[in-house]
Amino acid sequence: MDGYIVQPDKASLTFGEYRLDLGSRQLFRGQAEVHVSPKAFDLLKLLVEKRPQALSKTELYEHVWPGTFVTDSNLASLIAELRRVLDDRSRPSRFLRTVHGFGYSFCGQIDGESAAIPPDPGHCWIVWRGQEIPMKEGENIIGREPTAAVCADLPSVSRRHARIVVSSEGATLEDLGSKNGTRLRNVLITGIVDLADLDEIQIGSVRMTLRLMRVESSTQTLEI
């Protein structure tokens with residue numbers, strides 16, 4: 001749960017003219033209850049609890065539809081429902097921020113919080129085998145070890161093969177003395193190198209793609 005600011009003892013959260021009661025699973029606008037479908041409530045609850053982190057579509061699918069195959073249209077339908085009930089169809093959004101090419105986040109201000117939620121410095125994730133694997137701020141190991149951020153248990157990959165370091169300035173890649181080397185854009189790297197969106201990384205014989213999105217904190221606009 002690192003980086004999340006959910007407060008388990010706070011069962012009622014107010015943002016704008018809305019109040020989300022997590023215990024009773026109800027959404028209110030003023031004193032009037034607003035009808036929201038169970039799945040849409042689950043989605044809103046998840047986004048609010050993990051604010052301001054942007055959640056990938058894959059993570060949203062796993063939490064809202066565990067063990068079920070769904071398409072992008074299912075998620076889009078729930079987002080449309082929430083935008084309608086929250087009257088959140090203006091630009092920029094008041095509550096639900098679309099992170100293009102990645103997923104969604106809750107961007108509203110919760111009443112009673114002592115300080116404004118700091119903006120996300122950026123988002124970085126690896127696309128491999130059709131999955132989107134988020135990279136946390138700081139060190140992310142790629143290798144065979146089970147605790148690696150990207151676990152690639154293959155013969156050509158070393159136990160701790162390489163690392164990606166994510167910060168507000170962007171992301172870097174470094175080989176960790178692997179047996180078969182690390183390549184960026186088909187070039188063998190020997191030191192710490194800067195990464196850019198859509199870079200192809202080769203770890204041993206494994207190829208993966210890096211996605212890097214910047215969030216401009218002053219305007220909350222997205223750059224990818």
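Y61 and W65 are both buried, where buried means under 20% relative accessible area, exposed means over 50% and partly exposed lies in between, for a 1.4 Å probe and protein chains only. The model is predicted, so local features need a pLDDT of at least 70 and side-chain atom pairs count only at pLDDT 80 or more, while totals for chains, interfaces and linings use all residues. Residues are numbered from 1 along each chain as its sequence is written, and side-chain values use heavy atoms, with hydrogens and water left out.

- Helix α2 spans residues 57–64, and its buried residues are E59, L60, Y61 and V64; helices (H or I, at least four residues) and strands (E, at least two) are DSSP runs, numbered from the N terminus.
- The cover over these buried residues includes α1 (38–49), β5 (55–56), α3 (72–85) and β7 (103–106), with contact taken as heavy atoms within 4.5 Å.
- An α-helix has 3.6 residues a turn, so residues three or four places apart point the same way.

**Aromatic pairs**

- The structure holds six aromatic pairs, a pair being two rings of Phe, Tyr or Trp (its six-membered ring) with centres within 6.5 Å, and planes under 30 degrees apart count as stacked, over 60 as edge-to-face and the rest as tilted.
- One of the pairs joins F15 and F95, whose ring centres are 5.1 Å apart and whose planes stand at 70°, so this pair is edge-to-face.
- Because F15 lies in strand β1 (residues 12–15) and F95 in the loop between α3 and β6 (96–99), the pair ties together parts that are 80 residues apart in sequence.
- F15 is buried, with a relative accessible area of 0%, and F95 also counts as buried, at 4% relative accessibility.
- Y61 and W65 form a tilted aromatic pair, at 6.1 Å centre to centre and with 55° between the planes.
- F15 and F95 belong, together with Y18 and F106, to one aromatic cluster.

- D87 has a phi near 50°, which is a positive value in a residue other than glycine; D87 is placed in the loop between α3 and β6, and at 39% relative accessibility it counts as partly exposed.
- R185 likewise is a residue other than glycine with a positive phi, here near 55°; R185 sits in the loop between β14 (182–184) and β15 (187–188), and is partly exposed, with a relative accessible area of 46%.
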